[in-house]
Amino acid sequence: QELGYDFKDLLFQTESGEIAPKVWDIFLYDILQQNDQAASEQFYVACKTNDEGTKQGYHDQYFQYTLDALKQHVYGILQDVERLTAQANSYDIGTHPRVPVIVAHNTLVSQTFTMTAALLEQMG
């Protein structure tokens with residue numbers, strides 16, 4: 001929210017698993033805020049002014065940290081979805097008629113994030 005990005009800009013592509021550039025920005029900004037306040041302020045300004053050169057410099061410098069944070073997030077989502085799908089499947093459809101919709105949604109999320117995980121693993 002601090003960077004002023006809309007949720008519509010913070011996507012993982014369901015067809016490919018690709019991560020929107022602004023997602024990378026948010027993860028890097030969080031890392032910088034936790035570890036280097038001056039750098040986080042400079043990165044913030046670069047995001048707000050669309051200074052792609054400065055942003056790319058920070059992304060290059062902190063790539064491995066951002067990659068690790070994204071992997072953690074993606075694998076956490078995959079674990080949550082697996083657990084929640086198993087829980088949903090344990091419900092009686094007669095009592096809980098929306099279970100198939102929930103499971104279908106969870107399947108889409110799982111497929112998307114499995115592709116995302118594969119892309120992240122290829123990066124390092």
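**Helix packing exercises**

In this predicted model, the axes of helix α4 (residues 63–89) and helix α5 (residues 99–123) come within 9 Å and cross at roughly 155°.

**Exercise 1.** Work out which orientation class the pair α4 and α5 belongs to, and describe the crossing and the contact by residue class.

*Solution.* Start with the angle, which is roughly 155°. Angles over 145 degrees count as roughly antiparallel, so α4 is roughly antiparallel to α5. Next comes the handedness: α4 passes α5 in a left-handed crossing. Finally, sort the contact residues by class: 18 are nonpolar, 7 polar and 2 charged.

**Exercise 2.** Now try helix α1 (residues 21–35) against helix α2 (residues 37–48): find how they are oriented and which residues make the contact.

*Solution.* The two helices pack with axes 6 Å apart, at an angle of about 150°. With the cut-off at 145 degrees, that makes α1 roughly antiparallel to α2. Here α1 passes α2 in a left-handed crossing. From α1, the contact draws on D25, L28, Y29, L32, Q33 and N35, while α2 supplies Q37, A39, S40, F43, Y44 and C47. Grouped by class, this contact of α1 with α2 has 7 nonpolar, 4 polar and 1 charged residues.

Technical notes: Residues are numbered from 1 along each chain as its sequence is written. This is a predicted model: local features need pLDDT of at least 70, side-chain atom pairs count only at pLDDT 80 or more; totals for chains, interfaces and linings use all residues. Side-chain values use heavy atoms; hydrogens and water are left out. Axes are lines fitted to C-alpha atoms, for helices over the stretch in contact, and angles run from 0 to 180 degrees between N-to-C directions. Helices (H or I, at least four residues) and strands (E, at least two) are DSSP runs, numbered from the N terminus. Angles under 35 degrees count as roughly parallel, over 145 as roughly antiparallel, 65 to 115 as roughly perpendicular and the rest as oblique. A crossing is left-handed if the near helix is turned anticlockwise from the far one by less than a right angle, and right-handed if clockwise. Contact means heavy atoms within 4.5 Å. Ala, Val, Leu, Ile, Met, Phe, Trp, Tyr, Cys and Pro count as nonpolar, Asp, Glu, Lys and Arg as charged, and the others, Gly among them, as polar.
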